[in-house]
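Let us take a walk through this model together, one contact at a time. Keep the viewer open, and turn it as you read.

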Amino acid sequence: MGRDLAESFPEAAKTFREADEILGTALSRLCWEGPLDELTLTINAQPAILIHSIAVWRVFGPHITDISMAAGHSLGEFTAYVAAGVLDFGDALRVVRRRGELMYESGSARPGTMAAVIGLDDQVLERVCADASRDDEVVVLANLNAPGQVVISGDLAAVSRAGELAREAGAKRVLPLSVSGAFHSPLMKVAEPGLREELAGVVMHGAHFPVVSNVTAEPVQDPDTARRLLVEQLTSPVRWVESVRAMAAAGGGNFLELGPGSVLTGLLKRIDKGATSRPLGTADEIDAFKQEEG
């Protein structure tokens, strides 16, 4: 993860070295060598994805002059705020590491899970979640990723009930996810005070360009608003469909996906067939992009 970037671009190598110094641990080695089961723990995966994404941004960012706005899916919103100048990379890295710890602790204190539901209308799935919830067991919509592709999150038994009800309601598939907690659900409420405290100690600036919030699907440039919404994001659904459509409606029909993988590019094809997206996560992808941009 990111090793080819560090080997190809000095800016990327510097980003990984800087991250190791900030965190006081060789996270770069874990990114490049594994083991995978340790890297994918949320306390490691969150800072690792941020580092990789910002390494990409530092390599190609200077070549982009017409950014209209940005957004990030869940953790990716921190990357967007770093790119927009709202957060310093070092501050964002420390906050994200703490965010991962808090979310992991929340999952340990009250075990929960998540599941992807394919092929069911959002409103129908919302009713399914309401029917599957109890006073002491809840399940909610967590990630509204694309039309007919939504992730639900909550207590173990409630998510299981919702999965069965979703199948009965006509869902094509219900796929349990391997996660350490019920992210973007009320079960993360206990993590809010810790993240709020962490963000309170960080200097945040006005954005160079708007960042569309997961919580509201609206553009944000004010640092105080960004700080508040990053906390609310813990327990709020990721309104990704609305966010992408808001950016496209504002003239942002050409997207670039920073960081590992191309999941968001795949989702975009289902959200807005008229928009285009290009993943930038490997040295080859960045080289091709820079050559085309001249």
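Axes here are lines fitted to C-alpha atoms, for helices over the stretch in contact, and angles run from 0 to 180 degrees between N-to-C directions. The helices (H or I, at least four residues) and strands (E, at least two) are DSSP runs, numbered from the N terminus.

A word on what you are looking at: this is a predicted model, in which local features need pLDDT of at least 70 and side-chain atom pairs count only at pLDDT 80 or more, while totals for chains, interfaces and linings use all residues. Residues are numbered from 1 along each chain as its sequence is written, and side-chain values use heavy atoms, with hydrogens and water left out.

Start with helix H10 (residues 192-200) and helix H11 (residues 223-232), whose axes come within 9 Å and cross at roughly 155°. H10 and H11 are therefore roughly antiparallel to each other. The crossing of H10 over H11 is right-handed; a crossing is left-handed if the near helix is turned anticlockwise from the far one by less than a right angle, and right-handed if clockwise. Contact, here and below, means heavy atoms within 4.5 Å. On the H10 side you will find Glu192, Leu195, Arg196, Leu199 and Ala200, which meet Arg227, Leu230, Val231 and Glu232 of H11. Sorted by class, the residues of this contact are 5 nonpolar, no polar and 4 charged. For that sorting, Ala, Val, Leu, Ile, Met, Phe, Trp, Tyr, Cys and Pro count as nonpolar, Asp, Glu, Lys and Arg as charged, and the others, Gly among them, as polar.

Now turn to another helix pair. Helix H8 (residues 122-132) and helix H9 (residues 156-168) have axes 8 Å apart and pack at an angle of about 135°. H8 and H9 are therefore oblique to each other, and H8 passes H9 in a right-handed crossing. Leu125, Val128, Asp131 and Ala132 of H8 make this contact with Ala158, Arg161, Ala162, Leu165 and Ala166 of H9. The contact of H8 with H9 has 7 nonpolar, no polar and 2 charged residues.

Next, the rings. The structure holds 3 aromatic pairs. In the pair of Trp57 and Phe60, the ring centres are 5.9 Å apart and the planes stand at 85°, so the pair is edge-to-face. Rings of Phe, Tyr and Trp (its six-membered ring) pair if their centres lie within 6.5 Å; planes under 30 degrees apart count as stacked, over 60 as edge-to-face and the rest as tilted. Trp57 and Phe60 both belong to helix H5 (residues 42-60), where they sit 3 residues apart, about one turn of the helix. Phe60 also forms an edge-to-face pair with Phe289, at 5.6 Å centre to centre and 80° between the planes. Phe60 lies in helix H5 and Phe289 in helix H14 (residues 283-293), so this pair ties together parts that are 229 residues apart in sequence. Trp57, Phe60 and Phe289 form one aromatic cluster. Both Phe60 and Phe289 are buried, a word that means under 20% relative accessible area, with exposed over 50% and partly exposed in between (1.4 Å probe, protein chains only).

Which residues surround Leu50, leaving aside its neighbours within four places in sequence? Leu50 is in contact with Leu75, Phe78, Thr79, Phe89, Ala92, Leu93 and Val96. Asn44, also found in H5, is buried at 7%. Not counting residues up to four places away in sequence, Asn44 touches Leu27, Leu30, Glu38, Leu39 and Arg97.

Finally, look at some backbone details. The peptide bond from Gly34 to Pro35 is cis, with omega near 10°, and Pro35 is placed in the loop between helix H3 (27-33) and helix H4 (36-39). His184 has a positive phi of about 55° although it is not a glycine. His184 is in the loop between strand S5 (173-177) and H10, and is buried at 3% relative accessible area.

Key:
Parallel < 35°, antiparallel > 145°, perpendicular 65-115°, else oblique.
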